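Let's walk through this model together, asking at each step what lies behind the labels.

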Amino acid sequence: MKKILLASPAALLVAACGGSPADEAEDVQEETIEAQGEVIDEQAEALEAQADALDDAGMEAQADAVDSKADELEDAADNM
């Protein structure tokens with residue numbers, strides 16, 4: 001009976017973790033990629049703000065270049 005009581009918490013722990021270590025590693029990898037995409041999205045938003053400021057300052061060519069870079073980053077984030 002003691003063996004059953006000792007095994008039960010271990011079985012509950014495995015069940016609570018949600019499966020195999022390979023599944024857990026895959027979940028972590030997916031979450032990491034999603035987080036990286038979110039960071040890239042934030043970088044694109046910051047570049048868009050810079051482009052707006054450049055445009056307001058009358059620096060349209062530079063604003064267009066920065067805006068293009070922001071678009072590239074957004075596309076990269078969307079493809080992750």
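Q: Which residues make up the largest nonpolar core?
A: This is a predicted model, and in it the largest nonpolar core has eight residues: Ile-40, Ala-44, Leu-47, Ala-51, Val-66, Ala-70, Leu-73 and Ala-77. H2 and helix H3 (60-78) each supply at least two residues of this core.

Q: What is Ala-44 in contact with, leaving aside its neighbours within four places in sequence?
A: Ala-44 is in contact with Ala-70, Leu-73 and Glu-74. Contact here requires heavy atoms within 4.5 Å.

Q: Why is Ala-35 called partly exposed?
A: Its relative accessibility is 38%. Buried would require under 20% and exposed over 50%, so Ala-35 counts as partly exposed. You will find Ala-35 in helix H2 (residues 21-56). The C-alpha atom of Ala-35 is 9.8 Å from that of Met-80, which is 45 residues apart from it along the chain.

Q: How do you know that the span of H3 agrees with what it should be?
A: H3 has 19 residues, and at 1.5 Å a residue they should span 27 Å. The end C-alpha atoms of H3 are 26 Å apart, so the two values agree.

Q: What makes the buried residues of H3 line one face of the helix?
A: The buried residues are Ala-63, Val-66, Ala-70, Leu-73 and Ala-77. Seen down the axis of H3, they fall within an arc of 85 degrees, so they line one face. H2 is included in what covers them. On the other side of H3, Glu-60, Ala-61, Asp-64 and Asp-78 are exposed.

Technical notes: Residues numbered from 1 in each chain as written. Predicted model: local features only at pLDDT ≥ 70, side-chain atom pairs only at ≥ 80, totals over all residues. Heavy atoms only, no water. Helix = DSSP H or I, 4+ residues; strand = E, 2+ residues; numbered from the N terminus. Buried < 20%, exposed > 50% of the residue type's maximum accessible area, 1.4 Å probe, protein only. Core = buried A, V, L, I, M, F, W, Y, C linked by side-chain atoms within 4.5 Å. Expected span 1.5 Å × (residues − 1). Arc of directions from axis to C-beta.
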